[in-house]
Amino acid sequence: LEQIYRKNFNSDISLFEDDRLIKIKDVLGLMFDEDNGDDLLNVINPQFEALLPYYSDVEKWAIKIADDVFKTSIKYFEKTKDQQEFIYKDNNNHTFHCFLDGYKVLDDEVIVIEVKATTSKKFLDLGPKRKNSANGQKYNSIFEENNNILTLKTKLNDELTVDKFSSNYQKLFDRFSNVGKYVFDIAVERYIIENSVIQNHPKLNSKKFKYYLAVLNSNYVFDNKYINNEPDYSLTDSNNSLFSYIDLTEVTKEYLPIIEKLKNEIVLNIYEKKLDSPILDKYCELKKSSKCFFDDVCWESLKKPGSILEYMNSKIFYDLDKNKHSKYDLVNQGKIHLEDIPVSWLSNPNQIIQRKCFDNKSEYINIDKIEKYIDILQYPIYHLDFESFPCPLPRFHGEKPYSQSLFQFSIHIEKGKNKCDEINDHISFLVDDFGDHRKELIEKLINIIDLTNGGTVLVYNKSFEQSRIQELSELFPEYKEQLDLIINHMHDLMDILKSKQAIFKELGFSEIESKTVNYYHNDLRGLYSIKKVLPLFSSLTYSDLNVKNGIEAISSYAAFKTSSIEDIKRLRASLIEYCRQDTWSMVLILNNIIKKIEDKVK
Ligand code: SF4
């Protein structure tokens with residue numbers, strides 16, 4: 001695919017030995033717009049672009065702090081081409097290069113550092129769950145931390161047994177696991193470095209190479225000063241370092257034969273001009289930020305409506321003889337449509353509902369459940385939505401890496417049933433610069449949301465809004481009481497449609513009823529995001545707004561940092577309009593679902 005993509009429309013079909021299974025012309029049509037030649041695959045992600053400067057800063061600070069942790073001086077180079085490079089040429093004259101984020105030659109040791117903008121949490125959670133969680137640690141990790149360096153534990157215990165250690169340790173070698181993907185990168189580096197040292201750097205041969213992955217310390221809290229308005233993350237307290245360094249020297253050593261095998265496969269593929277049907281699997285990393293560049297080519301038919309992927313809870317299907325069929329196996333056998341799965345294989349009530357809605361082009365609604373939930377909502381209803389900036393580096397005091405920094409909220413106040421005006425009953429808060437306005441935000445929030453005589457705070461996808469308010473309550477305890485009150489009155493509009501086991505069990509429904517969705521329509525395609533739900537209850541659309549989604553909201557806010565006052569004014573107007581639409585959508589969904597129920601019971 002890479003070779004076809006690079007050649008664009010000039011791809012020569014005859015280059016390929018085997019074009020029986022996929023026609024290259026079709027593939028090209030999925031890569032480039034046939035009318036204007038636009039690249040359909042290389043689409044810019046505005047959120048990634050907005051966070052790019054912070055990712056560079058992650059590398060810079062990881063190397064700077066490493067100086068203190070390793071008690072030496074390590075140079076940082078902003079441009080890859082300036083970094084330490086190792087080159088290795090194999091027997092077939094293929095050349096392999098690697099560039100190192102951090103590199104330092106000491107008397108008898110060489111330090112290699114690979115920086116990743118992920119957090120140490122993934123590694124500290126790698127292990128069995130603790131019976132009693134201590135110091136907020138829920139897992140008995142296979143790693144232990146000493147002076148900001150994580151090493152593999154050597155002493156096991158009743159919870160972290162040999163078996164548990166070993167099964168978790170193996171995840172480091174699975175390059176599609178949430179930890180293994182990072183270990184793989186540094187193992188590839190080691191493979192190239194070791195071969196390059198033998199070929200080109202005999203002086204380094206006697207030195208012991210140490211391989212470290214630098215990741216953001218998930219327990220770090222920013223409490224330092226600012227220099228020129230930028231946070232200073234220098235290591236002033238060894239118990240509060242922005243980075244943890246994971247010693248993967250032994251792990252990468254064990255990895256080398258696997259890398260060698262993969263390298264040989266890659267070399268073979270370079271020679272074989274063959275385009276078989278793709279075998280789709282977890283390595284495509286569909287829907288993840290690390291997804292394969294060619295997912296729109298290989299998964300094209302599965303992204304269309306009516307795909308097998310729309311089934312909820314669909315990792316495994318069981319046939320009548322209780323044989324397991326994984327979703328990927330079925331897809332690779334050509335079963336790509338919803339109706340390709342026999343109804344008798346559907347064991348989950350939600351899948352059965354989905355299938356009926358698909359076959360009969362109908363909708364499903366559980367009036368009793370929805371009515372009972374709506375009955376507990378008290379007016380006034382405050383429809384609330386937050387916008388946040390997920391910065392890898394904390395910007396304000398008390399924040400951690402990837403804190404979801406709130407910069408905006410929108411509230412529609414519905415005083416009684418259907419008593420809400422899109423403009424007159426709307427209140428919003430939006431910062432006017434890139435600075436710290438958390439206290440202003442809290443004060444406005446608790447001023448608007450008056451729960452003294454009861455009421456409901458309605459959000460869409462409660463875990464997000466609830467976590468943000470909890471964080472504010474911990475950071476600013478002087479507002480704890482009012483913020484806790486908001487949490488205690490919070491309900492989730494998505495639960496009204498999708499159900500939530502705990503709530504519906506409390507309302508008297510059986511376990512199975514509580515687990516089953518309350519509303520389904522084929523157009524949801526197995527998803528309940530507000531953007532999927534809205535068209536079923538309203539003709540309102542985001543397509544004519546300047547800011548159309550959360551990602552664009554993040555990039556608009558990020559632009560505050562460098563924009564003129566005039567441009568910020570323009571950006572603010574678009575952000576306010578966007579966030580208002582989010583809460584107005586909630587008002588419309590709630591009222592139209594109530595109307596739908598009333599019409600049905602008439
Ligand atoms: S989408 Fe999956 S099957 Fe297709 S090229 Fe990428 S990894 Fe391979």
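Biologist: Why is H94 called buried?

Modeller: Buried means under 20% relative accessible area, exposed means over 50%, and partly exposed is in between, with a 1.4 Å probe and protein chains only. H94 has 15% relative accessibility, so it counts as buried. This is a predicted model, where local features need pLDDT of at least 70 and side-chain atom pairs count only at pLDDT 80 or more, while totals for chains, interfaces and linings use all residues. Residues are numbered from 1 along each chain as its sequence is written, and side-chain values use heavy atoms, with hydrogens and water left out.

Biologist: Where is H94 found? Which residues is H94 in contact with, leaving aside its neighbours within four places in sequence?

Modeller: H94 is in the loop between strand 1 (84–89) and strand 2 (95–100). Strands here are DSSP runs of E with at least two residues, helices are runs of H or I with at least four, and both are numbered from the N terminus. Contact means heavy atoms within 4.5 Å. With neighbours within four places in sequence set aside, H94 is in contact with Y88, K89, V267, I270 and Y271.

Biologist: What makes K263 and D90 a salt bridge?

Modeller: The term needs a side-chain nitrogen of Lys or Arg within 4 Å of a carboxyl oxygen of Asp or Glu. In K263 and D90 the closest N and O atoms are 3.0 Å apart, so the pair meets the definition. K263 sits in helix 7 (residues 249–271) and D90 in the loop between strand 1 and strand 2, 173 residues apart, so this pair links distant parts of the chain. Both K263 and D90 are buried.

Biologist: How do you know that D82 and K81 form a salt bridge? Are these two buried or exposed?

Modeller: Their closest N and O atoms are 3.4 Å apart. That is within the limit, so the label holds. D82 has 37% relative accessibility, so it counts as partly exposed. K81 reaches 64%, so it counts as exposed.

Biologist: What about K121 and D125?

Modeller: Their side chains meet in a salt bridge at 2.6 Å, N to O. K121 has a relative accessible area of 47%, so it is partly exposed. D125, at 23% relative accessibility, also counts as partly exposed. Elsewhere, salt bridges that share partners join K291, D295, D296 and K303 into one network.

Biologist: How many salt bridges does a search of the whole structure find?

Modeller: It finds 36. Side chains of opposite charge can pair when their charged atoms come close.

Biologist: Where does K303 sit, and what is K303 in contact with?

Modeller: K303 is in the loop between helix 8 (295–298) and strand 13 (316–318). Its relative accessible area is 35%, so K303 is partly exposed. Leaving aside neighbours within four places in sequence, K303 is in contact with L286, D295, D296 and R525.

Biologist: What makes a residue count as being around the ligand? Which residues are there?

Modeller: One of its heavy atoms must lie within 4 Å of the molecule. The residues are L1, P278, I279, L280, Y283, C284, C292, D295, C298 and W299. By class, nine are nonpolar, none is polar and one is charged. Ala, Val, Leu, Ile, Met, Phe, Trp, Tyr, Cys and Pro count as nonpolar, Asp, Glu, Lys and Arg as charged, and the others, Gly among them, as polar.

Biologist: Why is strand 4 called largely enclosed?

Modeller: Nine of the eleven residues of strand 4 (residues 109–119) are buried, so the rest of the structure largely encloses this strand.

Biologist: How do you know which strands pair with strand 4?

Modeller: Two strands pair if DSSP finds at least two bridges between them. Strand 3 (residues 102–105) and strand 4 have four bridges and run antiparallel, so they pair. A hairpin through three residues joins the two. V105 stands opposite V110 in strand 4. Strand 4 and strand 9 (residues 208–216) have nine bridges and run parallel. There, T119 stands opposite L216 in strand 9.

Biologist: What makes strand 18 and strand 20 edge strands?

Modeller: Five strands form an open sheet in the order 18-17-16-19-20, with mixed pairing. Strand 18 (426–430) and strand 20 (490–492) each have a single partner strand, so one side of each is left without a neighbour in the sheet.
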